[in-house]
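Student: I would like to learn how to read a few features of a protein model. Please start with the general idea each time, then show me the case.

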Amino acid sequence: MPNPTAAMIVIGDEILSGRTRDSNMHHLAGQLTEAGIDLKEVRVIGDELGTIIAAVQEMSRVHDYVFTSGGIGPTHDDITADCIAAAFDTPIDVREDARAILAEHYEKAGTDLNAARLRMARIPDGASLIDNPVSAAPGFVLENVHVMAGVPAVFHAMVASVLPTLTGGAPLISKTLRIERGEGDIAGPLGELAEAYPLLSMGSYPFQKDGKYGAHIVIRGNDVDQIDDALSQLEAAFS
């Protein structure tokens with residue numbers, strides 16, 4: 001049985017402009033791999049209402065899980081929550097359980113829960129909250145879409161909250177073989193091996209060092225025996 005599939009939407013003009021470097025995709029990919037969920041697609045899009053809505057609608061139809069990163073803060077350009085509500089034609093407003101979480105957090109910090117901060121308690125109807133132990137403001141889950149913060153520390157904490165609720169499959173295993181031959185020599189045997197093992201994924205990553213050419217061949221899959229057999233055959237071909 002194939003593993004569940006996932007997609008990620010990274011939201012923010014600051015990512016597209018190069019002002020901010022995204023690290024959340026790398027973290028999520030690693031966590032999903034360990035959980036046996038195959039991340040199939042990642043999109044980086046700006047803070048544009050129609051673009052976000054269309055991406056959410058399309059990806060939620062295609063994949064078992066969708067994860068968003070960014071756009072759920074207190075400022076005017078944090079529009080992700082509204083877009084998710086619109087994508088599923090669901091009302092959105094300040095919700096009492098989310099407001100209570102924020103009120104407690106800001107009271108302890110000696111800070112007012114003003115109108116801007118209260119925007120982070122706006123949750124679409126029918127959504128369940130995602131815990132945020134770092135800065136309190138919750139993410140949420142609506143249908144199969146998991147809406148999380150863009151700040152890496154908060155995103156990581158939310159992923160940790162969400163993962164136990166997901167149904168995964170077999171973890172993806174990855175092994176690497178270094179071959180000190182050019183890719184032109186490697187391509188033929190590697191292509192034949194890929195045809196012989198259709199359930200495995202094989203990639204060639206070339207390098208050049210001290211005037212020598214070579215490649216790291218990475219073989220991925222869920223069956224360790226098949227991976228070991230394929231690696232043995234490839235190693236024998238270039239021994």
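Tutor: Start with polar contacts. A polar contact is a pair of N or O atoms within 3.5 Å; within protein, one must be able to donate a hydrogen and the other to accept it, and residues adjacent in sequence count only if both atoms are side-chain atoms. Here the side chain of Asn3 reaches the backbone oxygen of Gly36 at 3.3 Å. A polar atom of that Asn3 side chain also lies 2.9 Å from the backbone oxygen of Ala170.

Student: What should I know about the source?

Tutor: This is a predicted model, where local features need pLDDT of at least 70, side-chain atom pairs count only at pLDDT 80 or more, and totals for chains, interfaces and linings use all residues. Residues are numbered from 1 along each chain as its sequence is written, and side-chain values use heavy atoms, with hydrogens and water left out.

Student: Is Asn3 buried or exposed?

Tutor: Buried means under 20% relative accessible area, exposed over 50%, partly exposed in between (1.4 Å probe, protein chains only). Asn3 has 9%, so Asn3 is buried. Of the chain's 239 residues, 41% count as buried.

Student: Which residues is Asn3 in contact with, leaving aside neighbours within four places in sequence?

Tutor: Contact means heavy atoms within 4.5 Å. On that basis Asn3 touches Gly36, Asp38, Gly169, Ala170 and Asn222.

Student: How many helices and strands does the chain have?

Tutor: Helices (H or I, at least four residues) and strands (E, at least two) are DSSP runs, numbered from the N terminus. The chain has 9 helices and 11 strands. Asn3 sits in the segment before β1 (5–11).

Student: How do I read a helix pair?

Tutor: Two packed helices are described by the angle between their axes and the distance between the axes. Axes are lines fitted to C-alpha atoms, for helices over the stretch in contact, and angles run from 0 to 180 degrees between N-to-C directions. Helix α3 (residues 49–62) packs on helix α4 (residues 80–87) at about 50°, with axes 9 Å apart. That makes α3 oblique to α4. Angles under 35 degrees count as roughly parallel, over 145 as roughly antiparallel, 65 to 115 as roughly perpendicular and the rest as oblique.

Student: And α2 with α7?

Tutor: Helix α2 (residues 24–35) and helix α7 (residues 152–162) pack at about 20°, axes 10 Å apart. They are therefore roughly parallel to each other. Asn24, His27, Leu28 and Gln31 of α2 meet Pro152, Phe155, His156 and Val159 of α7.
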